[in-house]
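Colleague: I am new to reading models. Could you take me through one, a feature at a time?

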Amino acid sequence: MRGFHFKYFIPVLFVLILSGSAMTAHSNRYYYIKSVISGDRNRGYWDLPGGGRRYKKGDDLHLWAFDRGDDRKYMITPAGNGWDYISPANAACGDVFCGTVDVAVESMQNGSKLNIMDLKLTDNPGQLFKVSDIGDGKFKIYINGGGGKKIICTENGADKNGTSVIVLDDNDNPACQWRFIEPEELE
């Protein structure tokens with residue numbers, strides 16, 4: 001084969017493998033998910049009501065101050081076709097999750113709240129998410145429902161305790177940007 005140099009093939013293949021697997025570096029690990037607008041303050045972490053007890057179907061996702069409870073830790077698990085589930089540690093049933101983050105309504109309207117529901121393996125666009133790195137340690141989280149054009153944000157751009165986590169159209173507002181913090185970073 002004229003003009004083909006095998007020595008150039010290996011580096012190109014390596015770059016393609018790394019670029020195609022960027023999200024897998026974040027899969028199957030627990031994270032605290034924190035609002036960018038909270039900065040270094042001790043608030044703005046994803047939380048479920050009930051103080052870390054086992055998840056309750058329909059619990060609304062909201063923001064709260066940091067603690068080490070399993071209702072504050074979330075795992076990204078591949079669901080296929082480039083989409084992922086995001087599940088709280090308190091929804092784990094052995095090595096799998098019984099519950100996952102879900103958009104509370106099927107219509108994906110702006111302002112729809114997120115909650116925790118039983119995991120669905122089919123007909124589940126409200127449970128499928130794509131975490132997109134936007135640089136500087138910040139991420140947007142896209143929702144499969146609504147054609148993948150909706151993202152997860154804080155309600156009214158707030159980060160105080162009890163603020164709901166909602167759906168909005170894609171935008172670059174800091175209230176729609178998140179940090180994924182590994183538990184080891186906070187211990």
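Colleague: Is Cys176 buried or exposed?

Modeller: First, the basis. This is a predicted model, where local features need pLDDT of at least 70, side-chain atom pairs count only at pLDDT 80 or more, and totals for chains, interfaces and linings use all residues. Residues are numbered from 1 along each chain as its sequence is written, and side-chain values use heavy atoms, with hydrogens and water left out. Now the term: buried means under 20% relative accessible area, exposed over 50%, partly exposed in between (1.4 Å probe, protein chains only). Cys176 has a relative accessible area of 2%, so Cys176 is buried.

Colleague: Where is Cys176 placed?

Modeller: Strands are DSSP runs of E, at least two residues, and helices are runs of H or I, at least four, numbered from the N terminus. Cys176 sits in the loop between β13 (165-169) and β14 (178-181).

Colleague: Which residues is Cys176 in contact with, beyond four places in sequence?

Modeller: Contact means heavy atoms within 4.5 Å. For Cys176 the partners include Phe139, Ile151, Cys153 and Leu168.

Colleague: And Thr154, in which strand does that residue lie?

Modeller: Thr154 belongs to β12 (residues 150-154). Thr154 is buried too, at 1% relative accessible area. Leaving out residues up to four places away in sequence, Thr154 touches Ser35, Leu63 and Trp178, among others.

Colleague: What does the side chain of Thr154 reach at 2.9 Å?

Modeller: The backbone oxygen of Ala158.

Colleague: How many of the chain's residues count as buried?

Modeller: 42% of the 187 residues.

Notes. A polar contact is a pair of N or O atoms within 3.5 Å; within protein, one must be able to donate a hydrogen and the other to accept it, and residues adjacent in sequence count only if both atoms are side-chain atoms.
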